[in-house]
Amino acid sequence: MASMVTNPVTNANSDRTKRKKKKSMIMEDNHQSHARWKSEAQQQIYSSKLLQALSQVSLNTPSSSAPRGGRAVREAADRALAVAAKGRTRWSRAILTSRLKLQFRKQKRQRGAAVAAVTGSSRSKKPRFSVSKLKSKSLPAVQRKVKVLGRLVPGCRKQPLPIILEEATDYIAALEMQVRAMTTLAELLSGSGAASSGSALPPQSPPPSQ
């Protein structure tokens, strides 16, 4: 009978130990994830994915649904970064799904415009009164900065502070690797372009002797 009685102190200690162990495991995973972006192997993996993504970008003849110019390059680089993250983070999943959401919104607007053209009815656009802007002005400075940081990190707009900080740390490390890879790629392309242009120049004839 006595063995069936549970000790609340022992249960509380075991729960505390489990929470500490889980927290330490999460922190260790985050540390390994952040360190991964600084490794040479991860940069080579991302560089190969970046080259593959950039080879599919059409800068000369863009379609009506695809982004143009530098925006297309930036989106291709971000998608390659999200693929390299393998969807393990919130920001990488948000980048991978953002393109689908934009296409869905565009199709919805096109259907609405087609219905309005057939029915001949168009809603008058009224200026929207944003309550969130008024609330943001009354927020303390720390909460405003947290809100801005949540907007900068993909997929963290309405997340609590611990998740925003965790995702921002990983996202910044990934962006640093992206900058290194794109800088190396730009240097290689500029070097090859200068070499090809130099080889295309005709040989200069020596000046005439006086």
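**Exercise 1. Around Gln-42**

Find the residues in contact with Gln-42, leaving aside its neighbours within four places in sequence.

*Solution.* Step one is the list: with those neighbours set aside, Gln-42 is in contact with Arg-36, Trp-37, Ala-84 and Met-177, where contact means heavy atoms within 4.5 Å. Step two places the residue: Gln-42 belongs to helix α2, residues 40-55. Helices here are DSSP runs (H or I, at least four residues), strands are runs of E with at least two, and both are numbered from the N terminus. Step three is accessibility: Gln-42 has a relative accessibility of 8%, so it counts as buried. The cut-offs are under 20% relative accessible area for buried, over 50% for exposed, and partly exposed in between, with a 1.4 Å probe and protein chains only.

Before you go on, note that this is a predicted model, in which local features need pLDDT of at least 70 and side-chain atom pairs count only at pLDDT 80 or more, while totals for chains, interfaces and linings use all residues. Residues are numbered from 1 along each chain as its sequence is written, and side-chain values use heavy atoms, with hydrogens and water left out.

**Exercise 2. Confidence along the chain**

Work out where confidence is lowest and where it is highest in the protein.

*Solution.* Start with the overall figure: the mean pLDDT is 75, and 52% of the residues reach 70 or more. That score is the predictor's confidence in each residue, from 0 to 100. Now go to the helices: α5 (residues 131-138) has the lowest confidence, with a mean of 56, and α6 (residues 141-152) has the highest, at 92.

**Exercise 3. The nonpolar core**

Which residues touch the most other members of the largest nonpolar core?

*Solution.* Begin with the meaning: a nonpolar core is a set of buried Ala, Val, Leu, Ile, Met, Phe, Trp, Tyr and Cys residues joined through side-chain atoms within 4.5 Å. The largest one has 23 residues, and those touching the most other members are Trp-37, Tyr-46, Leu-81, Trp-91 and Val-153. Next, see where the members come from: α2, α3, α4 and α7 (161-200) each give two or more residues. Helix α7 supplies the largest share, eight residues. Finally, take one member: apart from its neighbours within four places in sequence, Tyr-46 is in contact with Ala-77, Ala-80, Leu-81, Ala-84, Met-177, Gln-178 and Ala-181.

**Exercise 4. Aromatic rings**

How many aromatic pairs does the structure hold?

*Solution.* Here is the rule: rings of Phe, Tyr and Trp (its six-membered ring) pair if their centres lie within 6.5 Å, with planes under 30 degrees apart called stacked, over 60 edge-to-face, and the rest tilted. The structure holds two such pairs. In one, Trp-37 and Trp-91 have ring centres 6.2 Å apart and planes at 45 degrees, so the pair is tilted. This pair links distant parts of the chain, 54 residues apart: Trp-37 sits in the loop between α1 (8-36) and α2, and Trp-91 in helix α4. Trp-37 has 0% relative accessibility and counts as buried, and Trp-91 is also at 0%. The other pair, Trp-91 with Tyr-171, is tilted too, at 5.1 Å centre to centre and 50 degrees between the planes. Putting the steps together, ring pairs join Trp-37, Trp-91 and Tyr-171 into a cluster.

**Exercise 5. Charged side chains**

Trace the network of salt bridges that links Arg-71, Glu-75 and Arg-79.

*Solution.* A salt bridge is a side-chain nitrogen of Lys or Arg within 4 Å of a carboxyl oxygen of Asp or Glu, and the count comes to two. Glu-75 meets Arg-71 at 3.2 Å, N to O. Glu-75 also bridges to Arg-79, with the closest N and O atoms 3.9 Å apart. Now check accessibility: Glu-75 is buried at 15%, whereas Arg-71 is partly exposed at 46% and Arg-79 is partly exposed at 34%.

**Exercise 6. A positive phi**

Is Lys-86 buried or exposed?

*Solution.* First locate Lys-86 in the loop between α3 (69-84) and α4 (90-119). Its relative accessible area is 62%, so Lys-86 is exposed. Then look at the backbone: phi of Lys-86 is near 60 degrees, a positive value in a residue other than glycine. For background, most residues other than glycine have a negative phi.
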